[in-house]
Number of protein chains: 2
Amino acid sequence: MSNASWKNEMKNKIEESFRNLQKFICSELENIDQKSLFKSDSWSRHDGGGGITNTISGGRIIEKGGVAFSSVYGPVTEEMKSQLATKGNEFFATGVSIVLHPQSVHVPIIHMNVRYFQMDQDVYWFGGGIDLTPHYVVPENAAIFHNDLKKICDHYNSGFYDKFKAWADDYFFIGHRNETRGIGGIFFDHISHENTSLQKEEILDFCLMLGRSFTEIYNKQVNLRLDQPVTEDQRKWQQIRRGRYVEFNLVHDRGTKFGLVSGGRTESILLSMPPTSMWEYNFIPTVDSEEHKTLDLLKKGINWLEFIDK
Amino acid sequence: MSNASWKNEMKNKIEESFRNLQKFICSELENIDQKSLFKSDSWSRHDGGGGITNTISGGRIIEKGGVAFSSVYGPVTEEMKSQLATKGNEFFATGVSIVLHPQSVHVPIIHMNVRYFQMDQDVYWFGGGIDLTPHYVVPENAAIFHNDLKKICDHYNSGFYDKFKAWADDYFFIGHRNETRGIGGIFFDHISHENTSLQKEEILDFCLMLGRSFTEIYNKQVNLRLDQPVTEDQRKWQQIRRGRYVEFNLVHDRGTKFGLVSGGRTESILLSMPPTSMWEYNFIPTVDSEEHKTLDLLKKGINWLEFIDK
């Protein structure tokens, strides 16, 4: 088998496994939600490839959510050239992206993404991550989330968790608010055999493991506080926090910004937007309130694992 | 009187006139609203200057609005150097910015800004504009708005309206939606004696005339359709359009983006955010609906003056 066709086979394998990952996650999320079902929207891209955007709304757990798969290819655009420090004429990119906005203020917003990028069959990398945005930060629950991620990371490389956790702290940061988006998680980009101890197939396996663990990790977070009653003030706080989510995604998120200016599919990119949001001038929670405690915990560099119940 | 002190006197005059403009506009808007009053919030900037941010909410007409004055100065920052094609070590900037989000879907969102920028007493320019974002575009009402702006422009330069109207069409454009933000208005930047027929004092006078005409122009638009009843579907459409306003401001508006990354005062910059907003995956109004007609009119290059009732 020639080197070129092997790489092509690998590309197809990755695409297929991401496509299956989308199906698996949607099916699991429907089981968790027990009320709403996903609607599927297929689209194609003028210059090559396309995607399937699955959306859910009005559920028992999920107020608005999306699980998007895409596989696109074609000539490298000018925008890509200016953003990527690599040469090449043709690219291939495939990935799965998820954002779920829950009904209850006591259930966190979650985001997951795994992606693969390849250029002219010579250069490739994987990227992705999972991060959690609780409207109210409960350190013990954040610890459970981080511990789940650490276990997956440790299975592949004992240095991944610390590195990717710090990367998430830096990436999911709302500079103009001096707040992290939530309690972080893991984030990685441009990883390949060259800069890790892993073979390409092992990195794919790591991404798929993350993806296939996603629903279980999230379901745990859902059930931790789903039964808590919600007051009017808490519902307002949820709207304000959703506004911050909008601010992060539109002002800081590189994927969103790059997608929107480079002619990506707007409706799939903005799948991450919340169902509703609210802005109020200079809204500052009262001292010692639960809301204020949450703001104090939206900081980089917190070692959430310290909060694990022994 | 030396040249330098004359320029300093002019700088003070501009600052003072903008400060008074803010007072005038807030007082007029309170008269129009007849229910809510502005709250005033003064702030100072670490590196020099400060501002007064006036906000109003829960009014009869205005659901959420802000009228901000600022006057800031200090060393030119790295971010400014990379954005401005001019040399200098010290800058001075003053301006008034307004965004009003009305209660009723039948009353348009409006934005107004006038600003003055000066560098090391050698280089200066004015910028500003007014643009209107109706949730439902009514061409005859858009014509009234544009005609009001044209009359002011024509008083100063017969070429201003056409030039600044086209500039607004280009500026207030949501590229990733292929929609204009609303029906435009006028927009201008970097204007000075060098590139207009006007003396510096006349350009200031033009900016002040725009500012002092603002409330009358807006009040006319308010009263045109204030009495129309609002259905649930229309209220939802308003939330969706507010979402587009958020998208424009956070993704495309140069002033907002520059302010947020350069360490501007976040709460004053994001005064433009709506009170609430909504996103729904791939929301497409039904053919022949009023909502669809509005989308068809969110295009560049429409000569609104053609719709004036003769």
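Modeller: What follows is a chat about the labels and the values behind them. This is a predicted model, in which local features need pLDDT of at least 70, side-chain atom pairs count only at pLDDT 80 or more, and totals for chains, interfaces and linings use all residues. Residues are numbered from 1 along each chain as its sequence is written, while chains are lettered from A and ligands numbered from 1 in the order in which they are written.

Biologist: Fine. Why is Ser17(A) called partly exposed?

Modeller: A residue is buried with 20 or more other C-beta atoms within 10 Å of its own, exposed with 12 or fewer, and partly exposed in between, with C-beta atoms placed from the backbone. Ser17(A) has 19 within 10 Å, so partly exposed is the label. Its place is in helix H1 (residues 3-33) of chain A; helices are DSSP runs of H or I with at least four residues, strands are runs of E with at least two, and both are numbered from the N terminus.

Biologist: What does Ser17(A) touch beyond its neighbours in sequence?

Modeller: Leaving out residues up to four places away in sequence, Ser17(A) touches Leu204(A) and Leu208(A). Contact takes C-beta atoms, placed from the backbone, that lie within 7 Å. The C-alpha atoms of Ser17(A) and Leu204(A) are separated by 9.1 Å, although the two are 187 residues apart along the chain.

Biologist: On to the sheet. How do you know that S4(A) and S5(A) pair?

Modeller: Two strands pair if DSSP finds at least two bridges between them. Strand S4 (residues 90-102) of chain A and S5(A) have 10 bridges, in the antiparallel sense, so they pass. Ile98(A) stands opposite Met112(A) in S5(A), and a hairpin of six residues joins the two strands. S5(A) also pairs with S6(A), antiparallel over 11 bridges.

Biologist: What makes S5(A) largely enclosed?

Modeller: Of the 11 residues in strand S5 (residues 109-119) of chain A, 10 are buried, so the rest of the structure largely encloses it.

Biologist: And which strands stand at the edges of the sheet?

Modeller: The open sheet has seven strands in the order S1-S2-S3-S4-S5-S6-S9 (chain A), with antiparallel pairing. Strand S1 (39-44) and strand S9 (184-191) of chain A each have a single partner strand, so one side of each lacks a neighbour in the sheet. S1(A) is joined to strand S2 (residues 49-57) of chain A by six bridges.

Biologist: Over to chain B. How do you know that the span of H3(B) is close to the expected one?

Modeller: The expected span is 1.5 Å times one less than the number of residues. Helix H3 (residues 139-156) of chain B has 18 residues and reaches 26 Å from first C-alpha to last, close to the 26 Å expected.

Biologist: What puts its buried residues on the same side of H3(B)?

Modeller: The buried ones are Asn141(B), Ala142(B), Phe145(B), His146(B), Leu149(B) and Cys153(B). They cover an arc of only 135° around the axis, which puts them on the same side of H3(B); the arc is that of the directions from the helix axis to the C-beta atoms. Exposed on the other side are Glu140(B), Lys151(B), Asp154(B) and His155(B).

Biologist: Last one: why are the copies said to be related as by a two-fold rotation axis?

Modeller: A rotation of 180° with 0.0 Å of shift along its axis superposes chain A on chain B, with RMSD 0.0 Å. The two copies are thus related as by a two-fold rotation axis. The superposition is by least squares on C-alpha atoms of residues with pLDDT of at least 70 in both.

Methods. Two residues are in contact if their C-beta atoms, placed from the backbone, lie within 7 Å.
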